[in-house]
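Take a look at the two chains below. This report goes through them one at a time and then turns to where they meet.

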Amino acid sequence: MGRIEIDETRCKGCGLCTTACHLKLISLTREINVLGFTPAVTTNRERCTGCALCAQLCPDLAITVFKDK
Amino acid sequence: MQQVFQRPVSLKDVPTHFCPGCQHGTIHRLVAEAMDEFGVRERTIGVASVGCSVFLYGYFDVDVVEAPHGRAPAVATGVKRARPDSFVFTYQGDGDLAAIGTAEIIHAANRGEDITVIFVNNTTYGMTGGQMAPTTMVGQKTSTSPYGRDHAKDGSPIRMAELLAQLGGVAFSARVAVNTPKNLMDARKQIKKAFRYQVEGKGFSFIEALSTCPTAWGVTPIQANERIGGEMIDYFPLGQFKDTAQWKPQPPPPAPVEQPGALSFPEFMNEI
């Protein structure tokens, strides 16, 4: 299985990762980060497959992906 | 757990100044990945243009020359001729390359300079406030075309990738998009191919990347991304328009030949 880490201080809340995740595990929070945006957060983390499509679409490289090999 | 996605070495670990949802960041990453793949970072000289891509020197861990507005291909020509061993790429927006720099790009391409041009097309002048660019779609509202671009008055958007593909000096010309994972994977392949042309000294290579400008378009990043898939790809089709070096696919490595009577490894270990 996989795991993603979203760097909240880099995320600008564009939401492109939410469209990339086919399991819809990523959503935007209502809390505001240091940049003044509402960053993305993950829900149901145990279902993440580590496909890294969210990280591929992220323009700000805020997502790091780990996967069991 | 093993890290399967990380920042390319050629891209500095700094936050970018781009607006939320701007795909400059994605295209920067693809270019940096291509640089890492060919191992040319130490001898790369980038040429930045005027526009949002102007801060290239802050993001790429390579040497960068700052060119006057639109003149990046001319500057890149000089750099490449003075230092033929270096790897030279320009990174330009549509207001820079397709408007003020049309003469430079067409003549650099026609001379067949051994450089790579990354052209980011977001159909507007993003940095200066969303004015109409030569690539603006017919009917698109911008700050200088508040009633939409009028075909009778302003003409039609320029398709640069097709236009340059007609020139004899151009070795490779392709248009890519990074709006969906599938298009992004394809974009990565095409950018690597364009870099390979220069690494092997096969001539001028050109990549047009469709990009969003949510701020100047006045839409959300997700709506902007959808506009690429709908309206823009219809007018700016993706694909290769010129590919002169037809590299043959690498043959698969030969399968290991089984020696008759040879012991397998565990058997061998038991023997000794």
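## Ground rules

Two strands pair if DSSP finds at least two bridges between them. Strands (E, at least two residues) and helices (H or I, at least four) are DSSP runs, numbered from the N terminus. One example of residues facing each other: Lys67(A) stands opposite Gln2(B), which is in strand 1 of chain B.

This is a predicted model, in which local features need pLDDT of at least 70 and side-chain atom pairs count only at pLDDT 80 or more, while totals for chains, interfaces and linings use all residues. Residues are numbered from 1 along each chain as its sequence is written, and chains are lettered from A and ligands numbered from 1 in the order in which they are written.

## Chain A

Chain A has two helices and four strands. Along the sequence they follow the pattern β-α-β-β-α-β. The radius of gyration, taken over C-alpha atoms, is 11 Å for chain A. The globule rule (2.2 Å times the number of residues to the power 0.38) also gives 11 Å for 69 residues, so chain A is as compact as a globular protein of that length.

Along the principal axes, the C-alpha atoms of chain A fill a box of roughly 35 × 20 × 15 Å. Of the 69 residues, 43% count as buried. A residue is buried if 20 or more other C-beta atoms lie within 10 Å of its own, exposed if 12 or fewer, and partly exposed in between; the C-beta atoms are placed from the backbone. Two residues are in contact if their C-beta atoms, again placed from the backbone, lie within 7 Å. Take the contacts in chain A with a separation of 6 or more: 63% of them involve residues 24 or more positions apart.

## Chain B

Chain B holds eleven helices and eight strands. Its C-alpha trace spans about 85 × 40 × 35 Å along the principal axes. Of its 272 residues, 46% are buried. Among its contacts between residues at least 6 apart in sequence, 67% join residues at least 24 apart.

Seven strands of chain B form an open sheet in the order 3-2-4-5-7-6-8, with mixed pairing. Strand 3 (63-66) and strand 8 (239-243) of chain B each have a single partner strand, so one side of each is left without a neighbour in the sheet. The twist averages 15 degrees from one strand to the next. Strand 2 (residues 44-48) and strand 3 of chain B run parallel, joined by four bridges. There, Gly46(B) stands opposite Val64(B). Helix 1 (residues 24-38) of chain B packs on this sheet, touching strand 2, strand 5 (116-121) and strand 7 (204-210) of chain B. Helix 8 (residues 181-199) of chain B also packs on the sheet, touching strand 4 (87-93), strand 5, strand 6 (170-177) and strand 7 of chain B.

## Where the chains meet

How many residues does each chain give to the contact? Chain A gives 25 and chain B gives 22. On the side of chain A, helix 1 (16-20), helix 2 (53-57) and strand 4 (63-67) each supply two or more residues.

Strand 4 of chain A meets strand 1 (residues 2-5) of chain B over three bridges. Gln3(B) lies in that strand of chain B. Is Gln3(B) buried or exposed? Gln3(B) counts as exposed, because it has 11 C-beta neighbours inside 10 Å. Beyond residues up to four places away in sequence, Gln3(B) touches Thr64(A) and Phe66(A).

## Nonpolar cores

A nonpolar core is a set of buried Ala, Val, Leu, Ile, Met, Phe, Trp, Tyr and Cys residues joined through C-beta atoms within 7 Å. The largest has 82 residues, and those with the most contacts inside it are Cys17(A), Cys54(A), Ile118(B), Phe206(B) and Ala209(B). Another core, of seven residues, lies apart from it and includes Cys52(B) and Trp217(B). Leaving aside neighbours within four places in sequence, Cys17(A) is in contact with residues including Ile26(A), Cys54(A) and Ile63(A).

Methods:
Axes are lines fitted to C-alpha atoms, for helices over the stretch in contact, and angles run from 0 to 180 degrees between N-to-C directions.
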